[in-house]
Amino acid sequence: MSKAIILLSILGAAAQSHASVSISQGKTIIPAGTALSDQDLTIRNDKLAFSLAVGTAPPWGVARGCIIDMANVKADGSLSNDRVAFADFIPNNWSSWPNTYQKVDILKDSPEEAVVKVTRDFGKAVISTEYSLKAGSDRISVKTTMTNEGEDLVDLQSGYTLWPEGGYKFAVPGYAGEEEATVDKPVADRFVGYDQDWAIALHAPYFTELKYKSRDLYLKHSLKKSQSVSFEGEYQVLGSGDIAPVVKAEIERKQLDAGSLSGSVKTQDGKTVEAPAVVILKDGVPYIWAIGKDGNYKLDLPVGDYQAYATAKGYSQSKKHDIRIENKQALSLAFDDLLAPGEVSIQVTDAQSKAPLDAKIQIESGNKPLIEFLGAKTFFTGLDDIGQARFTLAPGDYQLKVSAGANFVSKPVLVDVSIAPNKTTDVTSEVPISTYPTQHGWYSGDLHHHSDVLEGSTPPQDLVISQLAAGLNVTFVSDHDSTKNHVEIKALSDKRGVPFVPSIEFSPSWGHFNPFPLDIGAELSVDPGVDDIHTLLKDMRRMGATVVASNHPYIPYGYMSSLEKNTVPGGFDPAIDLIEINAVVDYQKAVEKARQLWTDGLPYYYTAGSDTHDVWNETTGLDRMFVYTGSKPDAKAFAQAMKNGRAYVSFGPVIYPKNVMFGDTLKLAKDQPQTLSFDLLSVNGLKSVQLIGKQGVISEQALAGETASVQFDVPQESGWVGLVVEDSQENKAFTNPVWLKMVEEQQF
């Protein structure tokens, strides 16, 4: 990829400072914004502002010309903090983006409307996007035309994306929790990022597929040579978590017949609920909500049949009401059966030692608030008050799941509890621990984990306690192209006496890499969107890295996928050390690649991580690396042990080698049989263990029970062997190899 060519053409007179719509050039006026170049553009009116990255490098190595900052205008006329990490048209999912130029033209700059056109290349395709903002509008209109000037492009996934910076996600209605899906006639064609004091909606009427929990809304299509296709959408920016205006915008955009719903919300004892939330369901799935004021609410809805219920922060839900909205009619509905919040105080201890345990507490059954700023579904014990947590719940009956190293060193414990209004319920939970890996010299880490940088939503303190509650023995962070939180996470980790392994996720569009450990204070000095693989690897080593991991190498923008497509700037560089088994993507090709390299005698070892961004809705430590260091390591010793192969990946099973360590070389002589011995454990019950080598599965043993001691005869040939252990829940562990070397008598 060559250096980007930036052409900026400004047409018309300079914007007046008090105009309804204005365009400014230079560092963004949006607080906490990331558009810092003197070439960047910020467009604003009296409702919102957004910045285009003309000179600033966007996240994840995509081409310049995208939205990287977005804010709402507050009641006093000032701008809120930046609310988005990234919003753009993506030409083909998150595959590598071969790009050589960006051209930015201001087509209109008047008090009534601003229009900016961004033209970029994607290989042999030309992508032109117009961003329009009108006076008084809370919506940015976007129109993109994609023209193919090369060979036929087949099965593209193209469309707009919205990656909020923090906050919560309201998926396309009916697709909550789905990482990806093909969509036919959805209830609504939008995704909303939100928090209590803001919301941003992506309206995408063209879309047929969703990815990344609705943050990407794509049309699957092909594009023949010289053919063009156009997309239209809107980004709607709001100043509160009341998203009723989102459905009002849909009514206007689709010219739908509509009516209104309004009323009051009270508790069972007649008290007004000051800030009620009324949730509307359509076809049985959450469709929209309104946040009221002073006990009242109102929203517009398209004609049709719905269900409605009321709630509020910490309050119970009302009963559901069936309603029918008629055209141009106002329907009134009062709710009078809410219950005020209650509270839980919980103490979690080790059932054997009675010592307090870091723990994660989840609502297994009971009221789980849809609107996440009204109440959480996941809680953690305190970083200072170890093993203790106190939190608000809506009144009702619950089953809480208490986890401390769950599925690795213990099973979750279920606790039944009833919550009463305005009362605190005390709960104790003892968690039986089945094994203590650090007593055997093993230290585990989730080696792909994000905090609250860009699309991550986990502040440093929550990252640390989540990793401790997962039973991890080192803390780790790898934010996209940022070391922002290293100092704070190290201080928190030091306070708890836990080693901290600082990393960063280098994020060009053609491959992601975690180098670690980094020197505290080290910062990126390259541009991942432009610089080649050799330059990036050199910078990783400059920052102090002992090892470099290739993250999710076979996803569309993985390093090895991009090598296969010949889209890595600079081509191949062998100077990585580790191949990731990523918990949330298909990792089978990564496993096969590692084994192929071992067969070739090349020591590229495993790494593993959950890729968690949100500890309340994702699972820290879903898979992890167990690393043998003998005693508590510092970050360098931990990484060096991984570089030496003294580690294994696990989704649950625990492995203790008895006579030969992974990464070591076992010397063999003809007619002198040798064996490998291991102790195995799974809190979910063991199912099987395989000894594998360059020819595939060498031997397999069926297992039962929580623990087992196994022994395997070693093949009498040079090469390698490793283990695959599976438990009764189909969770697996994959070891690095033990190298085998035949030694002939005549060599002495």
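Modeller: Start with D138. Its relative accessibility is 16% in this predicted model. The cut-off for buried is under 20%, so D138 counts as buried. What does the side chain of D138 meet in a salt bridge? The partner is R139, at 3.2 Å from N to O. R139 has a relative accessible area of 18%. That makes R139 buried as well. The pair does not stand alone. D138, R139 and E252 are linked in a network of salt bridges.

Now set other pairs beside this one. The structure holds 27 salt bridges. One of them joins the side chains of K108 and E113, at 3.2 Å from N to O. Here the two partners fall into separate classes. E113 is buried, at 15% relative accessibility. K108 is partly exposed, at 36%.

Another salt bridge runs between K658 and D679, with 3.7 Å between the closest N and O atoms. K658 sits in the loop between β43 (654-657) and β44 (665-668), while D679 belongs to strand β45 (residues 675-681), so the pair ties together parts that are 21 residues apart in sequence. D679 is partly exposed, with a relative accessible area of 27%.

The protein carries 68 positive and 94 negative side chains. The centres of the two sets lie 1 Å apart.

S260 is placed in strand β19 (residues 258-267). With a relative accessible area of 9%, S260 is buried.

Helix α2 (residues 460-469) shows burial on the scale of an element. Eight of its 10 residues are buried, so α2 is largely enclosed by the rest of the structure. The buried residues of α2 are P460, L463, V464, I465, S466, Q467, L468 and A469. What covers them? The cover includes strands β28 (360-365), β29 (378-380), β31 (396-403) and β35 (475-477). Helix α3 (486-496) is also part of that cover. Just after α2, G471 takes a positive phi of about 80°.

The secondary structure comes to seven helices and 51 strands. The radius of gyration is 28 Å, close to the 27 Å from the globule rule for 748 residues, so the protein is as compact as a globular protein of that length. The C-alpha trace spans about 90 × 65 × 45 Å along its principal axes.

Buried residues make up 59% of the 748. D138, R139, E113 and S260 are among them. Contacts reach across the sequence too. Among those between residues at least 6 apart, 66% join residues at least 24 apart. The accessible surface comes to about 29000 Å². Carbon and sulfur atoms account for 47% of that surface.

Back to the starting point.

Definitions and conventions
Residues are numbered from 1 along each chain as its sequence is written. This is a predicted model: local features need pLDDT of at least 70, side-chain atom pairs count only at pLDDT 80 or more; totals for chains, interfaces and linings use all residues. Side-chain values use heavy atoms; hydrogens and water are left out. A salt bridge is a side-chain nitrogen of Lys or Arg within 4 Å of a carboxyl oxygen of Asp or Glu. Buried means under 20% relative accessible area, exposed over 50%, partly exposed in between (1.4 Å probe, protein chains only). Helices (H or I, at least four residues) and strands (E, at least two) are DSSP runs, numbered from the N terminus. The radius of gyration is taken over C-alpha atoms; the globule rule is 2.2 Å times the number of residues to the power 0.38. Contact means heavy atoms within 4.5 Å. Accessible areas come from the Shrake-Rupley method with a 1.4 Å probe; for residues, only the protein chains shown count as cover. Lys and Arg count as positive and Asp and Glu as negative; His and the chain ends are not counted. The place of a charge is taken as NZ of Lys, CZ of Arg, CG of Asp or CD of Glu.
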